[in-house]
Amino acid sequence: MADVSKTEGVAEELVEKLTDFKNGSENFKRTMQYVLSNIKYHRYLDVNSHTVNKEIKGVLEKLQVHSKADKAEALQVVVDTFLEGPLVSPKASHPKSDAHYSVLSVLLLLAGTPTSQDYEEKTEHERQNEEPDFDWPKYLLEDLPPIKDFNEPSSDEWEDEEEVSIPEEPLNDSGVITDQSRHPTDNTSQSQLAILSHVTGSTVTGGGDADRSWLSRNVVVQYWQGEVDMTMEGTHKYSQIARQWETHEKEQSIFPIVNCMHDLTETHIIRETLWILMGAEESFVFQRHGNHFEVRENIRVNHLTPSSLNTMLQSLANDGSCILQLQSFVNDMRSCPSAYCNRGDSALSSQESSRCQTYEAYAEALAEFLHSFRNALVQIEKTVLVQEQQMTLANVMDQLSPWMPKVKLLAYVHNKAVVDCPQQKHVYRVWYLLDMLHNSIMEHYSMGDSSKEIVNLLVRIWLQSIRPYVDFIDRWLTLGHLFDPAHEFVIQRNSAVEVKSPHFWQEGFTLDRFQTEESTHRGQIAVPPFLQPVLRHIILAGKCMEVLGSVGQLGTIRTEANLESTSMYSNLITSTKDMDDICSSSSIAMATEEEQDESATRTLVVQQLQLPGTTDPLLAKNFDEVLGTLLDSDEKAEERYSQSDASILPDVNNMPLLLVIKRSLYPSILSRCNVICQQLVNTLKTKFDLMANLAILRKFYLLEDGDVMCDFYVDIFEKLRRQESWSDYLYLHGHLQEALGRRYPEEIERVTVSVSSDEISARLAARPIHALDGLTLHYQVDHPLNIIINSQSLDVYNRVFRFLLQVKRAKHSLDQVLADLKKETHEDEEGKPVTNSAPVVGTRMDDAIIKHQLYLLRFKLMHFVNSIHNYLMTRILHTTSLEFQDDFNRATDLDGVLSAHENYLTKVLQRCLLHDKVSLVREAVVKVLNIALVFQRKWDAGIHTFSDDSINKMESEFNNCSIFLSTMLINMTKRGAFPHLAALSFSLASLQQSTTSSPSK
């Protein structure tokens, strides 16, 4: 508590300066109380107990994180004891006072790194037994003569003993310090002295029995340096088989060959065998030559013949060569991982150019197998080192027998798929690897239960090897970008085509195909077998992701579809594990049923043998042994299966690989592809108004909006009738904008028109009906609608548009002739003179006959043109548009939308007689349309321009075209090739009947 007796006056001045309260008022008194209370009871310089407790708690948590739980517990006990106890004297009991926390705060500030200090707690017993240092030798030797030192050279007690030359430094690598008070006896063996001399590096004339015994048991003679271990000589009669055999060969040979042999024990060879199988590249027994091991020729084991020793060593050398090849590949892949991400293929060395993610994943799978194999070798080596049981080469090979077939199979697959691969590009090398693994799995699966472990191993390696491929797909369908630095994925992005290009959907991605002429797979897509069924869906979804990314919709689809929740590979492993559990339960159930069947069969056989009649005890015993053996084998197999260890990767050897892929991998890929494709279709429909744009195309190109387009083309028809110029760009563009501005002002900037004068001049000379063949409408479409409404589809729309203009022009011309006839008839009825630009030649009767023939011809032409017009505008364009809308609504992806649109355009071309299959029908129709234009031109020139010959010629040409069309359409309809032409054939058939009956009348 602070002394505030002298500060009241200062506090009053402070309150008066800061406030306007008067001294003695209620507010002044309350303010003074507040100020004096803060001055008296402040804790500005006192330690905060809560802060100290928080810091101590943090130190305890940090010790727990650093795995020092005992230290944290001891600290907690000490702190609690300190806080609860007195600080100065035992009589003053003030626990957890400010002084306690002040001391703890100082200690916390002094503690720099409490986790780096070692702490050893002393027990209570040790604390009680601690005594002050006391010189006991001085106390006990008091008043006694001094004892002589044993190391003094003048000591008489050791003058007659033999000297021992022992080095001053301790023995190297043995961990044994010899007792200098002991010396070897006279009968010490020379071999033990040699061993001790070899270890110490100096001359040894004697030593302790225990030390020499330990060295003889634990130090190996350097047989690789030519030293000979004399302890290998045995007294058993079979311990000299090798020497006896060599002696026999020398006696049988005329010119015996004397070789310097290295005598080894089986233990030496076993240990070197284990070393090379563990991955050692240098060995005395097995010499390395390239990527394989060869057995040293001058090796001898006393109790084995050279042929038997060579057979076993050669087999082990082959196994070591397989391990060496696999381990070398793993080391190469691990030496410089991801080197392909930093430099291009041209800058890579020959060793680095073979690296890719699939090879690295395959190498890691091999490394896991080799690691488990080494664990088994370590257990064998521990047994050898303990020396509690006799280990021979035959025993070691028997213990390695479950592993060696797997090692040889992996080496065979590795050599075929990796070493002997004829291709250089990564995509082809990856295909060879995955295809080889796939074929090996299917081949060994067909062998049944005898290859279960091998199939399981191959499936595990295959599952790990395909991980980069699955990750490529996962990242592409999640991030919208295909990242393949080593170019090992079968799908490659064409960087020359931008995503906003109208050719992106067809040319944005390419598939790698085998191009080598000597390859048996020339022209085949280099896609792994497991991806072939879903390759199209993957490409489609990848394109959709890039399109969605270009329009800024990737974030939306990731959020709505939850694409980043789990990876495809995790789903593959999880679903495969679940399938394995189901398969295991089903296999156990099947085994139970089979066991019941076997038991029933055994009971039935026993009952048959017990029937009255001739009894054969030998046959009964054989049946019992056979059935019992089968049941015992099934029980043992089930026991082994139930005791098998669980693994990270599932055991799927009970099911075919294709079924595993179909149930585990394909659902994950297809579900994500469907979500992405549906999202793009919905985006095109909602945000970019795809249906509205297609409707605009039908209104303008297919003339569905007759009012707007009629204002555009009627004026052009009138100019053609008056033979005025109409192909001026400014005139056409202005006239089109004027027609669109009345109802579609927002489409003025998107729809333009152009004229190709070359096509007009080339075709107009032949027939006037082709005058508008150079007219082209242009519709501007932005990305991503340009994928669907592209230049090819607009060309089809323009072809239909020009053909419809021909029909509209012919109909308009005949309508104008009809208007002139009505006008002329009206003037005749009123008695007014007929005004005609051309002079009338001939009698009144001749003119009436010609007019009557012209009326009939115009009626026939009008009937034909109206039939074609109604057929096109109602039965074809409208019906086909309804079919297209149904197909469009059923489409779930962009390919479905494109297919529906392309089918719609193909149907429009066929049904509008523009397809090459119906070119003859189209030519006949165009001839009739051209006759209508010629008829209108002659009519405008005057009746005098018509003659009997010209009229008969036009009628003959029209009748021939009409009969031809009617006959051909009827035949097509009967064959069922073009059912949509049935209505047109019926309409033209009625016209043919009227045509054939008119001459008789």
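Author: Cys-544 is buried, its relative accessible area coming out at 0%. This is a predicted model, by the way. The closest cysteine sulfur to that of Cys-544 sits in Cys-677, 3.9 Å away. A disulfide needs the two sulfur atoms within 2.5 Å, so this pair is too far apart for a bond. Cys-356 is another one to look at: with 1% relative accessibility, Cys-356 counts as buried because the cut-off is under 20%. As for disulfides, the structure holds 0.

Now for the wider picture. The chain has 1001 residues, and 41% of them count as buried. Its secondary structure runs to 35 helices and 8 strands. Among contacts with a separation of 6 or more, 72% link residues 24 or more positions apart. The accessible surface is about 57300 Å², with carbon and sulfur atoms supplying 52% of it.

The crossing is right-handed. On the helix 27 side, the contact residues include Val-708, Phe-712 and Ile-716, along with Asp-711, Asp-715 and Lys-719. Helix 28 brings in Tyr-731, Leu-732, His-735, Leu-736, Ala-739 and Leu-740. Sorted by class, that contact has 8 nonpolar, 1 polar and 3 charged residues.

Notes
Residues numbered from 1 in each chain as written. Predicted model: local features only at pLDDT ≥ 70, side-chain atom pairs only at ≥ 80, totals over all residues. Heavy atoms only, no water. Helix = DSSP H or I, 4+ residues; strand = E, 2+ residues; numbered from the N terminus. Buried < 20%, exposed > 50% of the residue type's maximum accessible area, 1.4 Å probe, protein only. Contact = heavy atoms within 4.5 Å. Areas by Shrake-Rupley, 256 points an atom, 1.4 Å probe, with all protein chains shown as cover. Left-handed = near helix turned anticlockwise from the far one by under 90°. Nonpolar A, V, L, I, M, F, W, Y, C, P; charged D, E, K, R; others polar.
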